[in-house]
Amino acid sequence: MTADKELYGVVAEFKDVTALYRAAEKVRDAGYKKWDCHSPFPVHGLDDAMGMRFTRLPWVVLIMGITGLLAGMYLQYWTNAVDYTYDISGKPVWSLPANIPVIFEVTVLFSAFTAFFSMWIANRLPRWYHPLFRNERFSRATDDSFFIALHAKDKKFDLAASTALLNENGALQVEEVFEANEPSAMPAKIKGNLLVVTCLMLIPPAMVYASYGSTTTEPRVHLIPDMDKQDRFRAQGETDLFEDGRMTRDQVAGTISQDQRFIHASLETGKENGEYVTSFPQQVDVTEAFIDRGQERFEIYCGVCHGEDGKGTGLIHHRAVELANLGHATWVPPTNITAGAIGTQADGYLFETISDGRRTMPGYAAQITAEDRWAIIAYLRVLQEVESMNALSPEEMAALGASARGSVLFEKYTCNACHKFDGTYSIGPVLSNFLGSEVKLDSGETIVADEAYFTESIIDPAAKTREGALKGAMAVPGGPPTAEEIVDLLEYIKTQK
Amino acid sequence: MASSTSVDQLDIFPEELVQGENDFHSVTEMVCGVLEAPKPPKSWYVIFTTAVALLGVLGAMILYLITTGVGVWGNNQPVAWGWPIVNFVFWVGIGHAGTLISAVLFLFRQDWRTGINRFSEAMTIFAVICAGMFPAIHVGRIWVIWWVFPIPNQMSMWPNFRSPLLWDVFAVSTYFSVSLLFWYMGLVPDLATVRDRAKTKAKKFWYGLFAMGWNGSNRHWHRYERAYLILAALATPLVLSVHSVVSFDFATSQLPGWHTTILPPYFVAGAIFSGFAMVLTLSIPARKMFGLEELITLRHIDNMCKVIMATGMMVGYAYSMEFFMAWYSGNAYEGFTFVNRAFGPYWWGYWIMVSCNVLTPQIFWWKKARRNLALVFIISIFVNIGMWFERFVIVVTSLNRDFLPSSWHYFSPTWVDVLTLLGSFGLFFTLFMLFCRYLPQVAISEVKNVMPQAHPHLDDH
């Protein structure tokens, strides 16, 4: 029976650590290499008695510790200083002191795992089967007894001589140990279970792999969707909370919302009963100080375009014309607001213009308070008054020659904003040598500019459009002029050569 | 053979570490007897049942929290860090004694550690589990807690490694991993002992599986001891770093009462203090319950009392130094915070802390007190209470009156706060009672190693 089992070696039991120690020295001196002592606790000094080399484990731990240090540093450098930087008050993205705690922890983690796992690997553990476990006495090696096992594979091993060596050196008993007959295979039941568990464990990673980089038109899976889908009332949504099913509710009668200030109709809108007011609202008191305030606001907000004198030649206008001369921009000039049509507009209408803007002018309700807007209008009325006092009376006008009258009208209807005579850039056509010049229309036809074309263009600017011009772009503020005035204007431009 | 002369022969210690007429086998019998007994003592059932009930409460509280939101706690502005963080620091502090007893005392060759190191390491593992739970549930949306780890994600974002809260993640998880390895490695030879004595097939299988096939080979012992020493050497700075990092959560903020450089050493001393107190709270009943009086002796308890007294005075020094610095810095806000701490609305918390942590341990100047088990047990409970209040005082009194008097707020916990703290004790004691029943409570091989007969007596040396 025992004959067909392979001999593993002999195992000898010793009564205490001293006997074990003495015997180990003798086995070492006899030149054995493949042998071992077994004890329930580490016996100090036994390493020397066995002639063992010191383990290289600390070096492995050192190398992996340094690896951990560099890995911890690089992890932080790459994630925080390269791939995803945190800009915090302009501080440098990489500053070592703040990274030291994590570097230290990663170093310790690497070192500790290395010490732990290398120890098991170097010890060839776990190994749940061992021939020595077949020896019944050997179970006390983890309790209170001490053993020396000599392996049959050692070159010096000889069953009789080795047994004698141990017996001579104080062994209580020497026994032969055999390898197991059958290979120590895993039971089929455990194997099958392991296979099933392994297959089941592969399913989640397989699912992840299958969906990796894939696209879908289905919505995301929300395990806990409260971040993405929150219970709330959406404007214009539906609800079963109210009878009419609407989420957007009308304001409760007689209330206003917090951002809805109490409105004085004429003060805040310039209108009363839907009509533009023609006087200042009662909340403002038109005094000299009020007009001064208006002047200040006018020069801040209006003057840049309309000019501090209100004639439409502010700094922005000058700059835009310069840019347009260089071909960088087109420009619709600001209106002269001191004369012409603006002077006859209702106060409420002007208020609306300042508040909400008109044509290319933006609204200023956000920048200028309602009171200040009224102050600006008060100041504007002063400018207009001054302008009208400077304007010629009908008698004086009549006394002038036709072309001189035309010159005044040319400014009155703000023709001068777009039309120039000096041949540089002007928004409308240059009017020097206008009559008799060739005008190419957008219909492709070329006409000669004559008095009829001139008159038609003033009365109905959209009738004929020059090639490349915007249809109906020309405006005649305060117009159209009377037939007599057109004749005067015609005379005036004739003088411009 | 330098180690051939045992410490006992030098007559340094008045008492032997293992008392009574014990040999190697009787030590094995004593420790393995606990887990081989067909039934544990009745008191085990009482404690275990209570603990499991409290664990159920914890589960219910966490479920309620997750399904409802952190509003179920008393946390609010300005006290946004309420009990959850107090409990976190409390538990993680307790978790430090294990590694300290195991690693630091190992490095200093304090052989008396062998009686209590298994206990305290187990305590460490379970306390860190309790501790780690609190920040995780404190984030509110616990299902995105993985954001704290540098895991590549669809948002292409990485955590901010310069945040102390992130250092905490690394420190606590490293500490847990290393403590677990250290504990398990120490357990393996003892599991082999249990395996070799096991009578039933199930016990043979399970203890055998985790014993890794350990057979007491000296070649294995050699590498094992070296690896154990390295782990101890790594765990020692680790244990200091972890509680320092926990203190950085506070110290790197700009809040009066938190922004001090004394915090790291103060926290570490406090952690050792509370950890030793918890070891005493656990070991005094356990040694009685499981008949381990000859392995966990009065000398062990005496030594631990001395450590408690020393660290208690260290935290007392820290308390007074905080006041001194608040005055000496001339910083009005710092001064206000500390006056408010001792005489403000939470004066009672401050004075509970001082009397439990600084005053009561002074009784350990007397040897009679250090060896009076009932008294030591009571003082250890006081210290546990005092250390919980220390964290409460640090967190709540610094926050409740911040820079803007209009937002001052008197923090009160809710019933959920209270039950969650109680529940965390349930988690701790459930794990601890299972450990007591199913794993060797004392490091058998290490205790054998410090017995006089463990050393070869060689006449020629």
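This report describes aromatic contacts, a charged surface patch and some backbone features of a predicted model.

## Basis of the description

Residues are numbered from 1 along each chain as its sequence is written, and chains are lettered from A in the order in which they are written. Because the model is predicted, local features need pLDDT of at least 70 and side-chain atom pairs count only at pLDDT 80 or more, whereas totals for chains, interfaces and linings use all residues, and side-chain values use heavy atoms, with hydrogens and water left out.

## Aromatic pairs and a cluster

Over all chains, the structure holds 69 aromatic pairs, a pair being two rings of Phe, Tyr or Trp (its six-membered ring) with centres within 6.5 Å, counted as stacked with planes under 30 degrees apart, edge-to-face over 60 and tilted for the rest. One of them joins Trp91(B) to Phe425(B) in a tilted arrangement, 4.9 Å centre to centre with 55° between the planes. This pair links distant parts of the chain, since Trp91(B) belongs to helix 3 (residues 83-107) of chain B and Phe425(B) to helix 14 (residues 415-438) of chain B, 334 residues apart; helices (H or I, at least four residues) and strands (E, at least two) are DSSP runs numbered from the N terminus. Trp91(B) is buried at 0% relative accessibility, while Phe425(B) is partly exposed at 23%, where buried means under 20% relative accessible area, exposed over 50% and partly exposed in between (1.4 Å probe, protein chains only).

The rings of Trp214(B) and Tyr224(B) also form a tilted pair, with centres 5.2 Å apart and planes at 55°. Trp214(B) lies in the loop between helix 6 (201-210) and helix 7 (218-251) of chain B, and Tyr224(B) lies in helix 7 of chain B, 10 residues apart. Trp214(B) is buried, with a relative accessibility of 1%, and Tyr224(B) is buried as well, at 6%. Both residues belong to one aromatic cluster with members from chains A and B, including Phe113(A), Trp120(A), Phe106(B) and Tyr228(B).

## A positive patch on chain A

Lys34(A), Arg127(A), Lys153(A) and Lys155(A) gather on the surface in a patch of positive charge. Such patches are made of residues with over 30% relative accessible area and no salt bridge, like charges being joined within 9 Å and nonpolar side chains (Val, Leu, Ile, Met, Phe, Trp, Tyr) within 5 Å; a salt bridge is a side-chain nitrogen of Lys or Arg within 4 Å of a carboxyl oxygen of Asp or Glu. Lys34(A) is placed in the loop between helix 1 (17-29) and strand 2 (35-38) of chain A, and this residue is partly exposed, with a relative accessible area of 45%.

## Backbone features in loops

Most residues other than glycine have a negative phi, and most peptide bonds are trans. The bond from Leu125(A) to Pro126(A), however, is cis, with omega near 0°, and Pro126(A) sits in the loop between helix 4 (96-122) and strand 3 (146-151) of chain A. In chain B, the bond from Gln77(B) to Pro78(B) is cis, and Pro78(B) lies in the loop between helix 2 (42-68) and helix 3.

Gln236(A), although not a glycine, has a positive phi of about 65°; this residue is in the loop between helix 6 (188-211) and helix 7 (265-269) of chain A and is exposed, at 72% relative accessible area. Arg109(B) has a positive phi near 60°, lies in the loop between helix 3 and helix 4 of chain B and is exposed at 56% relative accessibility.

How values were computed. Areas by Shrake-Rupley, 256 points an atom, 1.4 Å probe, with all protein chains shown as cover. Lys, Arg positive; Asp, Glu negative; His and termini not counted. Charge placed at Lys NZ, Arg CZ, Asp CG, Glu CD.
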